[in-house]
Amino acid sequence: MQLTPAIEPADLQTEREPAKSYAAVRAMTESLCAPLATEDYVIQSAPECSPAKWHLAHTTWFFEHFILQSLARGYLPFRTCYGYLFNSYYETVGTFFPRSKRGLLSRPTVEEVFQYRAHVDRHMHDLLSAAGSASSELELMRRLTLGLNHEQQHQELLLTDIKNLFALNPLRPVYHAVPHLHAKAVPLAWMEFSGGMQTVGHADVGFAFDNETPRHRVHLEPFALASRPVTNGEWLEFMQAGGYSAPELWLSDGWRTVQQSNWQAPLYWERTDEGWGYMTLGGFVTVDPEAPVCHVSYFEADAYARFAGHRLPTEFEWEVAASSLPLEGNFMESRLLHPSARTNASRQFFGDVWEWTSSAYMPYPGYKPLTGSLGEYNGKFMVSQLVLRGGSCTTPRSHIRSSYRNFFYPPDRWQFTGLRLAR
Ligand SMILES: [Fe+2]
């Protein structure tokens, strides 16, 4: 029988209760691993995915390297070689093990990785318990907040990578028994906006990543956004109309990718005797035509928008529309771990699926990356990727906000990515 992970909202009150916030986020990551068997922790199903064991160790290394080794007097690394194994991409920290080979690491064992987590947690607890509110602690709090948000990003990646791993297994493992919801999508309506001079970017209240700043003005023409994401039923119409074999709908790079990869449907979709089905974290099920389409690339989203006679929103149109909406949605804590047709107060701008925008992932005017090695966190990826907004059904609620910028390459589709039309 599959264990059900205990997913409770972990609202981050890092500055008021640092030790409690740290413990809550770390415990959440481990609870997400509760349904896994030991073998599940080790395999890397694709070069862009990481084994669960690596996520557990890498997030721990982040606290060990950026906090304990620099701010805790006398701290010695748990194992010096872990810096090489579990540094992801920080060139200025040192060399690191190739990303595409993470699944070849049978050692350290899963048990040793949990021991590593416990060791770092003990030292983090001691450091945070002794911390006061003096200005000398500001750097500790800044790095702690970043480390916790980093770990929340890896909670989502852990789930998306487990889904990818289970999807290629003919046994169709069930990660988590998902309740079946028979909701209907709301009829598509258009939300009209007058445009004009608007202010976007993080407003300086609470945490934000450096890539959300500085806040700045943009000019928008009048625009309209759909009242919900595109559904699987609408995607089936695109497929049945020959969308995947009509070059006129596709960008050149997209059309080449469709042909080379033989795409005929979103990732995880499979034709069965009963029609289309797809893999979910709750196992293999029939495609729900009412639910938001998910696991589509930017190329597919762009082609669909052209097919529908519309376009994708820019990230600024999306942010202007979302900034007045409540932060409500189908997030990780709803325990569905799958997009739902059910509408909500945010009109699904938040949760369900990350929404592709047509905006290139670029620095905002006056952008300054964090100082030191942490400057590598976001800034060096600002080329050749597109911005996605709003979070997904595997994003922790306390992790998302209207200014949040996620980014992936145009062919990527293993994340919970969908789209909302604009005109
Ligand atoms: Fe990371």
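## Backbone exceptions, an iron site and a helix crossing

Asparagine 262 counts as exposed, because its relative accessibility is 53%, and exposed here requires a value over 50%. The model in which this residue is seen is a predicted one. Asparagine 262 also has a positive phi of about 55° although it is not a glycine, and it lies in the loop that runs between helix H7 (252-261) and strand E5 (269-272).

A second residue other than glycine with a positive phi is aspartate 352, where the angle is near 60°. Aspartate 352 is found in the loop between helix H9 (315-322) and strand E8 (354-360), but its relative accessibility is 0%, so it counts as buried. Most residues other than glycine have a negative phi, and most peptide bonds are trans.

The peptide bonds include exceptions as well. The bond from arginine 107 to proline 108 is cis, with omega near -5°, and proline 108 lies in the loop between helix H3 (82-86) and helix H4 (110-130). The bond from threonine 213 to proline 214 is likewise cis, with omega near -5°, and proline 214 has its place in the loop between strand E2 (196-200) and strand E3 (216-220).

The backbone features can be set out as follows.

| Residue or bond | Feature | Value |
|---|---|---|
| Arginine 107 to proline 108 | cis peptide bond | omega near -5° |
| Threonine 213 to proline 214 | cis peptide bond | omega near -5° |
| Aspartate 352 | positive phi | near 60° |

Turning to the metal site, the iron ion has as its protein donors the NE2 atoms of His58, His150 and His154, lying 2.2 Å from it. Along the chain, these donors follow the spacing H-x91-H-x3-H. Histidine 150 and histidine 154 are separated by about one helical turn, because they are four residues apart in helix H5 (residues 138-167). Histidine 150, at 4% relative accessibility, counts as buried, and histidine 154, at 11%, counts as buried too.

Elsewhere, the axes of helix H6 (residues 232-240) and helix H8 (residues 298-307) come within 11 Å and cross at roughly 80°, so the two helices are roughly perpendicular to each other. On the H6 side the contact is made by Glu234, Trp235, Glu237 and Phe238, and on the H8 side by Glu300, Ala301, Ala303, Tyr304 and Phe307. Sorted by class, this contact of H6 with H8 has six nonpolar and three charged residues, with no polar ones.

Notes: Residues numbered from 1 in each chain as written. Predicted model: local features only at pLDDT ≥ 70, side-chain atom pairs only at ≥ 80, totals over all residues. Heavy atoms only, no water. Buried < 20%, exposed > 50% of the residue type's maximum accessible area, 1.4 Å probe, protein only. Donors = N, O, S within 2.8 Å, 3.2 Å for Na, K, Ca; no water. Axes fitted to C-alpha atoms, helices over the stretch in contact; angles between N-to-C directions. Parallel < 35°, antiparallel > 145°, perpendicular 65-115°, else oblique. Contact = heavy atoms within 4.5 Å. Nonpolar A, V, L, I, M, F, W, Y, C, P; charged D, E, K, R; others polar.
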